[in-house]
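Me: Hi! Could you walk me through this model before I start working with it?

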Amino acid sequence: MEKNLTPIKILFISISGNTRAFAQKLVAYAQKVRQADPTARLVEITEIGGDNQFIEMQQPFTVLVPTYLGGGNGINNGNQEIMTNEMRETLADNDNYRWCYGVIGSGNRNFNAQFGLTAKQYAAQFKIPVIDFYEMRGTQADVKRIYQELNDFQIKFEQHLSN
Ligand SMILES: Cc1cc2nc3c(=O)[nH]c(=O)nc-3n(C[C@H](O)[C@H](O)[C@H](O)COP(=O)(O)O)c2cc1C
């Protein structure tokens with residue numbers, strides 16, 4: 001029997017529930033794929049925030065982060081992260097970001113140039129790639145595409161670790 005691949009671990013933060021809904025859709029989609037392919041990776045999600053968790057990561061993971069920026073006009077100001085800072089702190093704690101193979105940003109395209117900006121800011125700070133973006137709760141097409149991308153990024157990262 002083939003060995004099951006390790007699950008895709010996701011840390012996420014969600015203020016108004018959209019990112020939580022998207023994370024749950026990824027879990028459900030992975031379960032569906034697994035029914036057809038017993039070797040497919042499942043998705044495991046952990047929500048950040050609320051009870052002052054101190055999370056220490058010791059396996060590869062990815063991050064879903066929505067964008068909340070203070071006081072901006074959506075074009076050229078309001079770059080200051082608000083509401084989601086606990087995710088940035090979790091990445092910095094214990095150098096957790098070293099296990100993070102990429103970040104997925106979300107937001108609302110009405111914010112124009114600031115769409116998904118927090119993910120770009122994390123990428124710059126921690127020197128990790130932005131894997132993709134989606135809007136609000138994400139469509140089923142976003143779920144499918146991002147599940148595939150996470151598999152690809154995780155394989156590359158695992159290969160890099162074993163070299
Ligand atoms: C106060 C506020 C500021 C926001 N700022 C941005 C922004 O700068 N860029 C963006 O793409 N989306 C922005 N959004 C939209 C949210 O990122 C979007 O609704 C997201 O799906 C929320 O995720 P959550 O429901 O998981 O908290 C903002 C929303 C609020 C309420």
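Me: Great. What should I know about the model and the numbering?

Reply: It is a predicted model, so to speak of local features we need pLDDT of at least 70, side-chain atom pairs count only at pLDDT 80 or more, and totals for chains, interfaces and linings use all residues. Residues are numbered from 1 along each chain as its sequence is written.

Me: How many helices and strands are there in the chain?

Reply: The chain has 4 helices and 7 strands. Helices (H or I, at least four residues) and strands (E, at least two) are DSSP runs, numbered from the N terminus. In order from the N terminus, the elements read β-α-β-β-β-β-α-β-α-β-α.

Me: And what is the radius of gyration?

Reply: It is 16 Å, close to the 15 Å that the globule rule gives for 163 residues, so the chain is as compact as a globular protein of that length. The radius is taken over C-alpha atoms, and the rule is 2.2 Å times the number of residues to the power 0.38. Along the principal axes, the C-alpha atoms fill a box of roughly 55 × 35 × 30 Å.

Me: Ok, now the ligand. Which residues come nearest?

Reply: There are 20 residues around the ligand, and Ser14, Asn18, Thr19, Pro66 and Gly107 come nearest. Helix 1 (18-36) and strand 6 (100-107) are the elements that give two or more residues to that shell. A residue counts as near if its C-beta atom, placed from the backbone, lies within 6 Å of the molecule.

Me: How does the shell divide into nonpolar, polar and charged?

Reply: It has 8 nonpolar residues, 12 polar and no charged. Here Ala, Val, Leu, Ile, Met, Phe, Trp, Tyr, Cys and Pro count as nonpolar, Asp, Glu, Lys and Arg as charged, and the others, Gly among them, as polar.

Me: Back to helix 1. Which residues are buried?

Reply: The buried residues of helix 1 are Thr19, Phe22, Ala23, Lys25, Leu26 and Ala30. They cover an arc of only 155° around the axis, which puts them on the same side of helix 1. Buried means 20 or more other C-beta atoms within 10 Å of the residue's own, exposed means 12 or fewer, and partly exposed is in between, with C-beta atoms placed from the backbone. The arc is that of the directions from the helix axis to the C-beta atoms.

Me: And what is exposed on the other side?

Reply: Ala28, Gln31, Lys32 and Gln35 are exposed there.

Me: What about helix 2, which residues are buried?

Reply: In helix 2 (residues 85-92), they are Met87, Arg88, Thr90 and Leu91. These buried residues fall within an arc of 160° seen down the axis, so they line one face of helix 2.

Me: Last topic: where is Met83, and what is its phi?

Reply: Met83 is in the loop between strand 5 and helix 2. Its phi is positive, about 70°, although Met83 is not a glycine. Most residues other than glycine have a negative phi. Met83 is partly exposed, with 17 other C-beta atoms within 10 Å.

Me: And Lys127, is that one buried or exposed?

Reply: Lys127 is exposed, with 8 other C-beta atoms within 10 Å. Lys127 sits in the loop between helix 3 and strand 7, and has a positive phi of about 55° although it is not a glycine.
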